[in-house]
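Student: Please take a close look at one part of this model, the interface between the two chains. I would like the extent of the contact first, and then the individual residues.

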2 protein chains.
Amino acid sequence: MEINPACPLPIQRYPHVLLAHGGGGKLMHQLLEYVFGPAFSNPILDTRHDSAQFTVPPPGRVALTTDSYVVRPLFFPGGDIGSMAVHGTVNDLAMSGARPLYLSCAFIIEEGLPMETLWRIVGSMRDAAQRCGVQIITGDTKVVDKGKGDGLYINTTGIGAIEHSLTIAPQTVQPGDAVIISGDLGRHGMAIMTVREGLQFESTIESDSAPVHKSVLQLIEEGISVHCLRDLTRGGLASALNEIAEAAGVKIAVEQKAIPVREDVHAACEMLGLDPLQVANEGRFVAFVAPKDAERALQILRNQEVSAQAVLIGRVVENAAPLVTIKSAIGASRILDMPSGEQLPRIC
Amino acid sequence: MEINPACPLPIQRYPHVLLAHGGGGKLMHQLLEYVFGPAFSNPILDTRHDSAQFTVPPPGRVALTTDSYVVRPLFFPGGDIGSMAVHGTVNDLAMSGARPLYLSCAFIIEEGLPMETLWRIVGSMRDAAQRCGVQIITGDTKVVDKGKGDGLYINTTGIGAIEHSLTIAPQTVQPGDAVIISGDLGRHGMAIMTVREGLQFESTIESDSAPVHKSVLQLIEEGISVHCLRDLTRGGLASALNEIAEAAGVKIAVEQKAIPVREDVHAACEMLGLDPLQVANEGRFVAFVAPKDAERALQILRNQEVSAQAVLIGRVVENAAPLVTIKSAIGASRILDMPSGEQLPRIC
């Protein structure tokens, strides 16, 4: 599967990344010249300064977010570390209702990484950035010695423009708010784990890794009273709801049977003793909206492909000792706790 | 040497960082609550959103820069990875003449890192940020399994306000420009190498790691025609001058005897077969200024502690095939080339 055009000759001469590719000398310049430069080219990056320069549109309100990606393996069904490093940071910006503008991108490469692997991942980042409408405007490359990394770690830091006047935060959450999730849960975590554990199912479980900013911006544009947004990454829905309940000082009640989990994901979770509500997603978020807007919010979300399966899963029921409860299919209510140990290391 | 107040109890319970500290659950929240939160506290960080929100002062022109720090060892004479991760990114912003405002900070921790080490490094970052007048407003923590890291890697991404109307870039460099460096060279690289190689000298070689933004902002404030700035990190002076000569299409001529290198640094370089002009610094930069302003620029720099040893080392001599020449003490001129291989891995 050839994703990118042929690797240029000066790069082909080095089939593996050397320590010198991070040393500030000629080899690092070749990497900039032939790999990163052409892939990410845009007027800001192309100036090649120590820092990227741009003007923030008035009134100048921005969101800044950072994430390192250490997922293992680098390629998995439905994505790879490169596209994920773009989607994840775009999604973090979206959770403030910000319009993603620019990313920085810093690579920590383990000596010996096949150049072809770097090449493919950079191509994947380029494509993901184009799809998201963001530009990668500055970067950094470090190479660490063999055995001191795991192929590749990527940090992306994103900046976005906040063009709305909402306060999208747990503190805005109120009793009565509708709790909506943007689609089925557990796919990213299980896509990774089935590869790592060599599990076989009839169909491949693919990661849900995808950018969600268009769905969020559409909600805001249509005037939905969005009170809080959170992407359902590490710790999954359970962690997100508990964090919000804690910060808002409210009780949140959700219904198990309303939460979509694909059958193969469910089976994989059972096999590994995991709760799909605690598993990481990479293209899913929870939205707390004013009750009057719940139905319209669902319609808007369902019109976007990435959130076509959006559903109402519960309500904020009262100001109380912070708590998340879940009602099972047979009607019994239990506490949905925050995950405590490490379920799935290096899932993102 | 106790840098910080005693580690809080919930953290003391875990003398080493576990995979679960990066898992999005309770242990990660304890790290945020008791380590990162109190150290970096400021109104923007304290909102604890997925992204930090702030308003860029008009006219909204900003600089963005990113760097990962993978230096080994984590602590070295004159600094540590934490203070360096703050200074280095502040300095990259300064090289655009930007006033540093905010940093993001992302940790990639190797499972098993002593909690006390993390605690000290976070304290060092806090102190460095305070000294630089910047705020750490958002962050990320990942933990990778033992043997897949080297204790700790830190990414900092910085945003600064550009309040001048200069074009500080290689393209602005002109024949006649004065080439000034802000102090003696080679100390950071040699501080690291003497520790790694176990070399002994009469005095300890300490890293020059320091923030240089005040010196730069002072030059701009006093109306110096600053044409180009570059910090002398990986690849040292040799790399910086060659990059600028290449991008500007000029010949740069410098004099060896004008370039200050401490005697112990010189001795260490000789012992290891290194050229101090190719060795990394962490608190040194080169400035290209209009010839009429050269003397005044030197005075301004010498009034700031970090650049008290600033000296004129040469001139831009002509538009020509890009080239850097250096005249030795006995008068012979040779080409100063860009380093090609990897001299000093993981120096920053």
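Tutor: What follows goes from the interface as a whole to single residues.

This is a predicted model, in which local features need pLDDT of at least 70 and side-chain atom pairs count only at pLDDT 80 or more, while totals for chains, interfaces and linings use all residues. Residues are numbered from 1 along each chain as its sequence is written, chains are lettered from A and ligands numbered from 1 in the order in which they are written, and side-chain values use heavy atoms, with hydrogens and water left out.

In the interface, 74 residues of chain B are in contact with 74 residues of chain A (contact means heavy atoms within 4.5 Å). The two chains bury about 5,800 Å² between them, 53% of it on carbon and sulfur atoms; buried area is the accessible area (1.4 Å probe) that two parts lose on being put together, summed over both. In chain B, the residues that lose the most area to chain A are B:Asp50, B:Leu64 and B:Arg234, together 13% of what that side buries.

A salt bridge is a side-chain nitrogen of Lys or Arg within 4 Å of a carboxyl oxygen of Asp or Glu. The interface also has 33 residue pairs in polar contact, both residues at pLDDT 80 or more. A polar contact is a pair of N or O atoms within 3.5 Å; within protein, one must be able to donate a hydrogen and the other to accept it, and residues adjacent in sequence count only if both atoms are side-chain atoms.

On the side of chain B that touches chain A, the elements that each supply at least two residues include the helices α2 (26–40) and α7 (236–248) and the strands β2 (61–69), β6 (135–144) and β7 (152–161). Helices (H or I, at least four residues) and strands (E, at least two) are DSSP runs, numbered from the N terminus. By class, that side has 29 nonpolar, 27 polar and 18 charged residues; Ala, Val, Leu, Ile, Met, Phe, Trp, Tyr, Cys and Pro count as nonpolar, Asp, Glu, Lys and Arg as charged, and the others, Gly among them, as polar.

Strand pairing also crosses between the chains. Strand β2 (residues 61–69) of chain A runs antiparallel to β1(B), and four bridges join them; two strands pair if DSSP finds at least two bridges between them. Within β1(B), B:Thr55 stands opposite A:Arg61.

B:Asp67 and A:Lys142 meet through their side chains at 3.1 Å, N to O. This pair crosses from strand β2 of chain B to strand β6 (residues 135–144) of chain A. B:Asp67 counts as buried at 12% relative accessibility, and A:Lys142 does so at 3%. Buried means under 20% relative accessible area, exposed over 50%, and partly exposed in between (1.4 Å probe, protein chains only). A network of salt bridges links A:Asp67, A:Arg234, B:Asp140 and B:Lys142.

Another bridge joins B:Arg346 to A:Asp145, with the closest N and O atoms 2.9 Å apart. It runs from the segment after β14 (333–335) of chain B to the loop between β6 and β7 (152–161) of chain A. Both B:Arg346 and A:Asp145 are buried, and the relative accessibility of B:Arg346 is 4%. The phi of B:Arg346 is near 55°, a positive value in a residue other than glycine. A:Arg346, in the segment after β14 (333–335) of chain A, likewise has phi near 55° and is buried, with a relative accessible area of 4%.

B:Asn155 is in strand β7 of chain B and is buried, with a relative accessible area of 3%. Its side chain makes polar contacts with the side chains of B:Ser68 at 3.2 Å and B:Thr157 at 3.1 Å. Leaving aside neighbours within four places in sequence, the residues in contact with B:Asn155 include A:Ala106, A:Asn155 and A:Thr157 from chain A, and B:Thr66, B:Asp67 and B:Ser68 from chain B.
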